[in-house]
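I am opening my notebook on a new model. My plan is to go through it chain by chain and write down what I look up.

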Amino acid sequence: MKWGISRRNEQPEWGVDSFRKEIDQLFNDFFSIGPSSLSESGWMPTVDVEEDDKEVRIRAEIPGIEEKDLSVTLENDILTIAGEKKEEKKEENRRYVVSERRFGSFHRAIRLPEGIDRDKIEAGFKNGVLKIAIPLVEAPEKKRMKIALK
Amino acid sequence: MANEVKKLRKDAYNCEECVIVPTADIYETAEEYVIRADMPGTRKENLDITLEKNQLDIYGRLDEELTSEESLKYGEYRLHNYHRTFVVGDGIDREKINATLENGVLTLALPKSEKLKPRKIEIKTEA
């Protein structure tokens, strides 16, 4: 099992989900999704990572969480999204008919590529979707160079 | 293999009839039934809730920009519209259904009609 890739308590397979494993493998070379939920909540937000030549965009679906319970941190080149989805106020004498939603704390780590502009990362949370934009700088040292032979 | 996955992913993205069935909780209290559904990315303006006969339909249109397959590095999302149907009984007060959308979670409160509310039955003692 790859760290952080498989979600526990996976929902019934959907069309796209059944290819997730393959996609994971393909894209693992670009981004590694690091050790994530060590908690037993069995819940993790779904994440999309996009990259073009200007920026890396991360989008995560985290419904039912308040902005104050959400944290985004960057340490070295690891971006971590963490938080806690709390169950709505408990009323007395609730009888559940259907219970599919999951609650609890979660933690997802995404390794960012080199050449990001750390000071210009922007994050916004709206309608249960977290969006993070990480601009890329052109790293001069990454440019192709010729090494002279002596 | 890579191309196959790309194609499948593309098809899944371009699938217009595809919908996501939002995960939901339903519970009952003495006063009402409550349905809560996770619908991240839906805005109030894009949400349609209809009750026809005994069928309650929740439909959420997503106006998210579609990720282009070329730039996608890692994807778990399904960017489709949300749709889920519930069947409700006769015992609800249809005029007083209350819907709220907060942080991508839809809460529907369906009050029970008077006749369904639990009540205490007084026992009359014979005089």
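**Entry 1: a term I need**

I call two residues in contact if their C-beta atoms, placed from the backbone, lie within 7 Å. I also note that this is a predicted model.

**Entry 2: B:Val87**

I found B:Val87 in strand β7 of chain B. Which residues does B:Val87 contact, leaving aside its neighbours within four places in sequence? I found B:Asn54 and B:Gln55.

Then I looked up B:Glu52. B:Val87 and B:Glu52 are 35 residues apart in sequence. Their C-alpha atoms are 9.8 Å apart in space.

Is B:Val87 buried or exposed? I counted 8 C-beta neighbours inside 10 Å, so B:Val87 is exposed. The cut-off I used for exposed is 12 or fewer.

**Entry 3: chain B as a whole**

I listed the elements of chain B next. There are one helix and nine strands.

Chain B has 127 residues, and 28% of them count as buried. I also checked how far apart in sequence the contacts reach. Of the contacts in chain B with a separation of 6 or more, 58% are between residues 24 or more positions apart.

**Entry 4: a sheet in chain B**

I traced an open sheet of four strands in chain B. The order is β1-β7-β5-β4, and the pairing is mixed. Which strands stand at the edges? They are β1 (19–20) and β4 (47–52) of chain B. Each has a single partner strand, so one side of each is left without a neighbour in the sheet.

I followed β1(B) to its partner. Two bridges join β1(B) to β7(B), residues 81–87, and the two strands run parallel. One residue pair I noted here is B:Ile20 with B:Tyr82, its bridge partner in β7(B).

**Entry 5: chain A as a whole**

I moved on to chain A. I found one helix and eight strands. From the N terminus on, they run α-β-β-β-β-β-β-β-β. Of the 150 residues, 23% count as buried. Residues 24 or more positions apart make up 63% of the contacts in chain A with a separation of 6 or more.

**Entry 6: confidence in chain A**

I checked pLDDT before going further. The mean for chain A is 75, and 67% of its residues reach 70 or more. Where is confidence lowest among the elements of chain A, and where is it highest? It is lowest in helix α1 (residues 20–27), at a mean of 58, and highest in strand β8 (residues 129–135), at 94.

I marked two stretches for caution. Over residues 1–15 of chain A the pLDDT is below 50, and this stretch has 18 contacts beyond near neighbours in sequence. Over residues 32–40 of chain A, pLDDT stays under 50 too, and the model has 26 contacts there beyond four places in sequence. Where pLDDT is low, the predicted coordinates should not be read in detail.

**Entry 7: the cores**

I looked for the largest nonpolar core. It has 17 residues. A:Val49, A:Ile58, A:Ala60 and A:Leu130 touch the most other members. The elements that give two or more residues to this core are β1 (46–51), β2 (55–61), β4 (78–85) and β8 of chain A. The most come from β8(A), with four residues.

I then picked out A:Ile58. Leaving aside its neighbours within four places in sequence, A:Ile58 contacts A:Val47, A:Val49, A:Ile110 and A:Ile132.

I found a second, separate core of 15 residues. Among them are B:Met39, B:Tyr82, B:Leu101 and B:Val105.

**Entry 8: a sheet in chain A**

I traced an open sheet of three strands in chain A, in the order β3-β4-β6, with antiparallel pairing. The edges are β3 (70–75) and β6 (104–111) of chain A. Each has a single partner strand, so one side of each has no neighbour in the sheet. Neighbouring strands here are turned by 15 degrees against each other on average, direction ignored.

How many bridges join β3(A) to β4(A)? I counted six, and the strands run antiparallel. One residue pair is A:Val72 with A:Ile81, its bridge partner in β4(A).

**Entry 9: across the two chains**

Last, I looked at strand β5 (residues 95–99) of chain A. None of its five residues is buried, so β5(A) lies largely in the open. Its pairing with strand β2 (residues 24–28) of chain B is antiparallel, over four bridges. There, A:Ser99 stands opposite B:Asp25 in β2(B).

Key. Residues are numbered from 1 along each chain as its sequence is written. Chains are lettered from A and ligands numbered from 1 in the order in which they are written. This is a predicted model: local features need pLDDT of at least 70, side-chain atom pairs count only at pLDDT 80 or more; totals for chains, interfaces and linings use all residues. A residue is buried if 20 or more other C-beta atoms lie within 10 Å of its own, exposed if 12 or fewer, and partly exposed in between; C-beta atoms are placed from the backbone. Two strands pair if DSSP finds at least two bridges between them. pLDDT is the predictor's confidence in each residue, from 0 to 100. A nonpolar core is a set of buried Ala, Val, Leu, Ile, Met, Phe, Trp, Tyr and Cys residues joined through C-beta atoms within 7 Å. Axes are lines fitted to C-alpha atoms, for helices over the stretch in contact, and angles run from 0 to 180 degrees between N-to-C directions.
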